[in-house]
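Please open the model in a viewer and keep the sequence panel beside it. The stops below are given in the order in which they may be selected.

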Amino acid sequence: MTDRQTARISSRKQPQQARSTELVAAILQAAVQVLAKEGAARFTTARVAEKAGVSIGSLYQYFPNKAAILFRLQSDEWLQTTQMLRTILENLQQPPLERLHTLVHAFIRSECAEAQMRGALHDAAPLYRDAPQAHEVRATGRQIFATFMLELLPEVSAPTRTAACELILSTLSSVGKDFSGSPRTDAEITVCADGMAAMFTAYVVALNQPSRL
């Protein structure tokens, strides 16, 4: 991505005082509401400013355009997911397979709870998906999971472990996106998460079995 393209999604300045912080928080909260109601196609800075009850000039002090607002929302979502990964997978009080089970449940529930906004952010992804910041955040999450895979599969070869990591992450992401595309009850979420966790557990156990050949 060029410097010009990166500048389009960068905030103009960071809030330094409590009042400024509150203003940015109000803008972002309004942006979430506008995005959920209007979708990415009808998302505009004017609608966000109106919803937040601020002037368009005040909004532009911090966000130069709608791409910058959307990227901030997406960045916050990525950071929340990364923190969830870190909190669950680095909890050494739980055995690795229990952590995997906990992660699956937390991820599926998170996907269902924020499905509408995440769908809208996915539609807006062309505005920022190639930004260096985007690659950095995604790489951090993958590294956390890759480190965890060393605990899950300590004896398997590196290529097998890498392939298993990609398979679990891609399956979790794809199923989470598809499953959360429709409203789900708590019971349905539990059944889905339990099934995925059991499938991943069986896969990991099978990979850890010594070859019979």
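How many aromatic pairs does a search of the whole structure find? The search finds two aromatic pairs, where rings of Phe, Tyr and Trp (its six-membered ring) pair if their centres lie within 6.5 Å. Before selecting one of them, note that this is a predicted model, in which local features need pLDDT of at least 70 and side-chain atom pairs count only at pLDDT 80 or more, while totals for chains, interfaces and linings use all residues. Residues are numbered from 1 along each chain as its sequence is written, and side-chain values use heavy atoms, with hydrogens and water left out.

**The aromatic stop**

Select Phe71 and Trp78. Their ring centres are 6.4 Å apart and their planes stand at 75°, so the pair is edge-to-face; planes under 30 degrees apart count as stacked, over 60 as edge-to-face and the rest as tilted. Both Phe71 and Trp78 are buried, a class that means under 20% relative accessible area, with exposed over 50% and partly exposed in between (1.4 Å probe, protein chains only).

**The whole chain**

Switch to a cartoon view. The chain has ten helices and zero strands; helices (H or I, at least four residues) and strands (E, at least two) are DSSP runs, numbered from the N terminus. Of the 213 residues, 39% count as buried. Among contacts between residues at least 6 apart in sequence, 72% join residues at least 24 apart, contact meaning heavy atoms within 4.5 Å.

**Thr82 in helix 5**

Select Thr82, which is placed in helix 5 (residues 66-89). Thr82 has a relative accessible area of 10% and is therefore buried. Neighbours within four places in sequence aside, Thr82 is in contact with Val137, Thr140, Gly141 and Ile144.

**Helix 6 against helix 10**

Now select helix 6 (residues 96-113) and helix 10 (residues 186-208), whose axes come within 9 Å and cross at roughly 145°. Axes are lines fitted to C-alpha atoms, for helices over the stretch in contact, and angles run from 0 to 180 degrees between N-to-C directions. The crossing is right-handed, the near helix being turned clockwise from the far one by less than a right angle (left-handed if anticlockwise). Among the residues that meet are Leu100, Val104 and Ile108 in helix 6 and Ile189, Ala193 and Phe200 in helix 10. By class, this contact has twelve nonpolar, four polar and three charged residues; Ala, Val, Leu, Ile, Met, Phe, Trp, Tyr, Cys and Pro count as nonpolar, Asp, Glu, Lys and Arg as charged, and the others, Gly among them, as polar.

**Helix 6 against helix 9**

Helix 6 passes helix 9 in a right-handed crossing. Val104, Phe107, Ile108, Glu111 and Cys112 of helix 6 make the contact with Leu172, Ser173, Gly176, Lys177 and Phe179 of helix 9.

Is Glu111 buried or exposed? At 11% relative accessibility, Glu111 counts as buried. Leaving aside neighbours within four places in sequence, Glu111 is in contact with Arg118, Gly176, Lys177 and Ser180.

**Thr102 in helix 6**

Finally, select Thr102, also placed in helix 6. Thr102 is partly exposed at 29% relative accessibility. Beyond neighbours within four places in sequence, Thr102 is in contact with Ile88 and Gln94.
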